[in-house]
Structures are given as structure tokens and as C-alpha cells.
Amino acid sequence: MARNAEQNGGLYYPSEAVLADISVADFEALREAMRVDLAGTWAEIARAEFEWFEPWHTTLDESNAPFYKWFVGGKTNIVLNALDRHARSWRRNKAALIWEGENYECRSYTYHQLHREVSRFASVLKAMGVNKGDRVTIYMGRIPEIAIAMLACAKIGAVHSVVYGGFSVEALHGRIEDSESKIAITADGAWLRGNIVPLKNIMDEALLRAPTIQTVIVVKRTGQDVHMEPGRDLWYHDLMNLPIADAHIETEPMDAEDPLFLLYTSGTTGAPKAILHTHGGYMVGVATTLKWVFDIKDEDMWWCAADPGWITGHSYIIYGPLLLGATSLMYEGAPNHPFPDRWWDIAERHGVTILYTAPTAIRGLMRFGDAWPNRHDLSKLRLLGSVGEPINPEAWRWYHRVIGKERCPIMDTWWQTETGTFMISPVPSTPLKPGSATLPLPGVEIDVLDEDGNPVSPNEEGYLVIKRPWPAMLRTIYGDPERYVNNYWSRFPGVYMTGDSARRDEDGYVWVIGRVDDVIKVSGYRLGTAEIESALVSHRAVAEAAVIGVPDEVRGHAIKAYCILVAGVEPTQRLVEELRDHVAHEVGPIAKPATIEFVDTLPKTRSGKIMRRVLKARALGQDEGDLSTLEQ
């Protein structure tokens, strides 16, 4: 994006150099092909770009909607396409994964080496009794072994359930219990800002009430002493040095609709939802959207600066880049450790060409000023990306000007754990508007509806919905198909309810506004109010609690909690800190309320539902709106 072409009517246009470099030239033709023949166009892509053990007989089965199926009858395995085919091609000696630890330690794996490590660990899992369809919980920091574990599960047909390493005991226990995992894979600890996150200790506490776990495999990362339960706990490095770690294990042929992974995401009520994704459709969707949006080439150094414990890490650190035969960078630590230029130092040293990160990280690094990034040569960057929440225009412009030097288009992507892949996003040729995710990708039909399900006028806010199925869509909520239908398909029958509000401007550009349900996005991560409130009420001093999200300059939203105390308990600052620490222990540090206010009552409907919108309006000094249903 050259300076002299920077703005025209509010649009940022790509430069001639960017346009000349794009691999997919005609997205409008692709959109039209998808509009006319959705299944046929996806079938062409799936046949041309991926290997299959057996072909499918039906591309899209809509007979039991909303339980859609893709590539029915086809047999493949995501590892066949992410590793096996590259390991036998010219890419075998190309870097697949480059990792940098917080302490500057580096490791690199070629496609050949990563294929061997994954195969060896897959053999270990088989020897431990893991079979096709078994669930495996993975709880680690950002280290190569998390990718190896995920891929090894997929290779033998096991279903991985990765739990973010920032979650604490109760959140981990709940996810193990719900998935009925038989094996857990963790590490002794993880490094973050020079401190050790005690992952193994947290796992041990979670397993006190998790009888399904038979074996725990522990990666040695930080080296501190940890308890190893005899007969249950085994060191990863010991297992990988045994003859059972056979590099020649075959990849299991999987039905396209066989489960690949579970990933838990916060809901409006009750326990987090186990979103289920499958081998075939997820594989096709993830690789294709990454190719479209970031136009990854063989010479690129791709850096998705997310955590593998979230969908962004699954789709665009692990699976997507490997499916395309790209080189993917993974960094273990914090963006500003030990100094505020750590990311820019990494980008310069590793020659990063595409950086994909969250607005909360951009805002956090903005605070340190322009001098830190300006110390580094960022000239290799050609594209930037944003994920997790809408990016405010001020942060967009800083990212574009200071990091991208006004030449790198910003791919502002909207998608969800449930969608599996990018849904609304620019491609490098799209004129950009700061803060807008721009246009739906080919094959994605969205709408913005009012309360009655009618399309709203341009620039009016409404419910963001998706009107046609897509290959990487969630197939169900694991173990709860009724909740799947109720959560996503019942508000407006026949269309997928995203849970986000949005508007479309006169150019058709989409502006995502935020959640319409009781989910708070903190640093781009979705946290359910129910989970945080349950943690607060589990404390002996709290009788009732409600939490809301309030705007935060760095994190996007911060958590504010309102607590009614048990009779006789005095509100003190010490109790505030105790409750904040209690939530961190029960859910995870990311869920710790920024502020806690002690109150005598909470606004409720006559049916007893807490009116969080009223609390939010009061906190922000806004009109409280219609209070006719408020309990008097």
C-alpha cells in the first residue's frame, strides 16, 4: 500500500506491487462460481488440492440439516495431507516448524523431521492403548511437542482436546471429564515472562477427580521437580527413546466425517461447549481459506502469534500452514519479554513475511511507542493480519503505518471456533476500511437480521447470520446434539446464528460490533459469564454474582464483577484480591476480574434472570433502556 495511494474515499487500496504478486487473481469469478454451484466448486478444490485414500460420493449432504456432512464416503486423514505427502516430495527438507523459546532457545523441524517425530509419538500413543476415536487431552504451553501431540493423535485417528495452558484446575478438570479422555499429555511447566506456569501441578490437581485418565505423558520443558505418579505418569523423552517409538507407522485412513478434534468454547449458560470438527471438511476449509486470505507462497515465513490452545492456533499455526507446505513460526513467550521489541526482534531475525495476531497484542505494543519497532528491519513483511475481535481504527492505522510501513495490507479476519476457518475477510486485492472485516469469502453467504429475522438496512445493527453450510463448519456439540441445534439454529430457523452483532455499510462491507449473548471477549478470548460467576459463587464469602465486560484500552474488554456477600461477611480490599485469585484458580488467570463491586441486590427479571445489560449500562453511564421486566 503505497503512501500516494493510501486513501481514497476512506478506502486503503493495495499497491501495484501487491496486486502483481497475488496468486488468485479473480475472486469475483470464484464468488460467482460458489454462488451458482457451492458443492461443485468445493468438490473441484478438494479434488485438485488434496490427497484422498478413497473418493467421496456426495460432496454436501443436507438431508439431515443442520447436521450437514461434507465429502461423504471419502476417506482421507489430515496428516496424510499436512505431513505425509510433503515428506515424500521436494519439501521433505524444507522447514515446516521453527520454534523460539522465551529464553531464545531455537529448534527447527523440516517436513521430514516433523513427519518422523509425529510418527514416533503416534506409535507411542498406540502402545499406550490409544485407539481410533479415543479422546486425548493436551495441556501444554507453546512448544513444538504440542504440535507433535496433536498431529500424532490425528495420524492414528484419536480425537485431541487441547486445553489452553492458561486455564486452571476447574476448567481443565471439566474439559477432561466431559470428553472422557483416557490419556493426558502435559509438560512439567511453561515459561511466561521469566516465570514458570506449573502445568503438571495443575494437571495433578485436576486428575484427583478424573477417573477416565489412565496415563499422563509429561514433556520436560522447565526442569523443576514435579510429582510423577507411579503407574500413571511417564516422561515423554523416555518413551521416545524406547523401541515402541517407531517412525514407520502408517497413517490411519479416516472417513471425511470422522472426528478430528474437540475444542471447548464458552457459552451463554452452563458448561463450555465441546465443538467438534472433522478430518475432511475442516482440512479443505482451513487450507483453502489460508491460501486465499494470506496468499502463502513457498518462500514465505508465516507467523501466527496465537496459542495452539485456541482455534486460531489449531487452524493457522498447526494445520493450515502444514497443509500448504509452508514454514510456520511458533514463539513460546510474551510479546514484551524481556523488552517491548521482542516480537519485532523475532520478525527481523527470522525474516517473517506475514504476521497474524490479535488487536489486544497490537494495542499493548502500541503503548510503548514507535521507537521499539523502528529499531528493527521489518522490510521482509508483506502482509499483516488481525484476529479475535474487531480491531479499532486507531490500532489498525498504527499497525499499518508503524509495522507495515504503509505497504502491507491488513487482513482483518472474522471467524469463530465454530466456523473453523476465516469467514469474513479481505484478500490482498481488497480495498480496506480500518475496523471492517470487509467482505464474506467465496462460498460464505451472510446476512444481518433484525429481531424478526428480516434483513436490516445498510448501516443498521442486527444479528450476524450465515445462510449456507461451509466445509469446515462444526458438526455438533460433542455429546449434546440438542444443545447444538438450540444454540446455533433455533433463533432463526435454517440459518446459523453466530452470536455476534454487525452492520453492513453502503458498500456491503461488514463491521462486526460484538457479542449479543453473555460472552465476554478478553484479549480476543471468549469467556462465558456463567463460568466466571460460578467460580465467584463457589467462594465461601459470595452468595450471588454477576459479571459483565467493560471496554478496556488494551484488552478490548475487561471483566467487572458484582458480588452479593454472604450475611455477616464484611467487604474489604483483601477480600477483593482473594476473590480475584480464586477466579484465577478456578478458571484461569485470563478470567480474573479487573474490578469487583460489592452490592446488596442485582437487577433481575421476574423470572430471576440477571439483567446484565442493565449492569453494563450503569457501569458505562448509559440509558438503562426498557425496565418493564425488572423485578420490583
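Over the ring of which residue does the charged end of R491 sit? In this predicted model, local features need pLDDT of at least 70 and side-chain atom pairs count only at pLDDT 80 or more, while totals for chains, interfaces and linings use all residues. Residues are numbered from 1 along each chain as its sequence is written, and side-chain values use heavy atoms, with hydrogens and water left out.

**View 1. Charged ends over tyrosine rings.** The answer to the opening question is Y463: the charged end of R491 is 5.0 Å from the centre of that ring. Y509 is also worth a look, with the charged end of K433 over its ring, 4.8 Å from the centre. A charge sits over a ring here if NZ of Lys or CZ of Arg is within 6 Å of the ring centre and within 35 degrees of the ring normal.

**View 2. The tilted pair of Y68 and W489.** The whole structure holds 33 aromatic pairs. Rings of Phe, Tyr and Trp (its six-membered ring) pair if their centres lie within 6.5 Å; planes under 30 degrees apart count as stacked, over 60 as edge-to-face and the rest as tilted. The centres of Y68 and W489 are 5.8 Å apart and their planes meet at 55 degrees, so this pair is tilted. Y68 belongs to the loop between β1 (58-61) and β2 (69-72), and W489 to the loop between α16 (481-488) and β24 (496-504), so that the pair links parts of the chain 421 residues apart. Helices (H or I, at least four residues) and strands (E, at least two) are DSSP runs, numbered from the N terminus. Y68 has 10% relative accessibility and counts as buried; W489, at 8%, is buried too. Buried means under 20% relative accessible area, exposed over 50%, and partly exposed in between (1.4 Å probe, protein chains only). Ring pairs join Y68 and W489 with F67, W470, Y484, Y488 and Y496 in a cluster.

**View 3. Y356 meets F422 edge-to-face.** These two rings lie 5.7 Å centre to centre, with 85 degrees between the planes. Y356 is in strand β18 (residues 354-357) and F422 in the loop between β20 (410-412) and β21 (446-449), so the pair ties together parts that are 66 residues apart in sequence. Both Y356 and F422 are buried.

**View 4. Strand β18 and its partners.** In a regular strand the side chains alternate between the two faces of the sheet. For β18, I354 and Y356 are on one side and L355 and T357 on the other, all of them buried. Strand β16 (residues 301-304) runs parallel to β18 and is joined to it by 3 bridges; strand β19 (residues 383-386) also runs parallel to β18, with 4 bridges. Follow L355 across the strands: W303 stands opposite it, and L384 is its bridge partner in β19. Two strands pair if DSSP finds at least two bridges between them.

**View 5. The largest cavity.** About 80 Å³ of space lies inside. On a 1 Å grid over the protein atoms alone, a cavity is a set of points where a 1.4 Å probe fits but cannot get out; lining residues have an atom within 4 Å of a point. Grid points are joined across faces, edges and corners, and a volume is the space filled by probe spheres set on the points. Of the 13 lining residues, W42, T289, T421, W470 and P471 are the closest to the centre.

Conventions: On a 1 Å grid over the protein atoms alone, a cavity is a set of points where a 1.4 Å probe fits but cannot get out, and a pocket is an open set with protein on both sides within 12 Å along at least five of seven lines; lining residues have an atom within 4 Å of a point.
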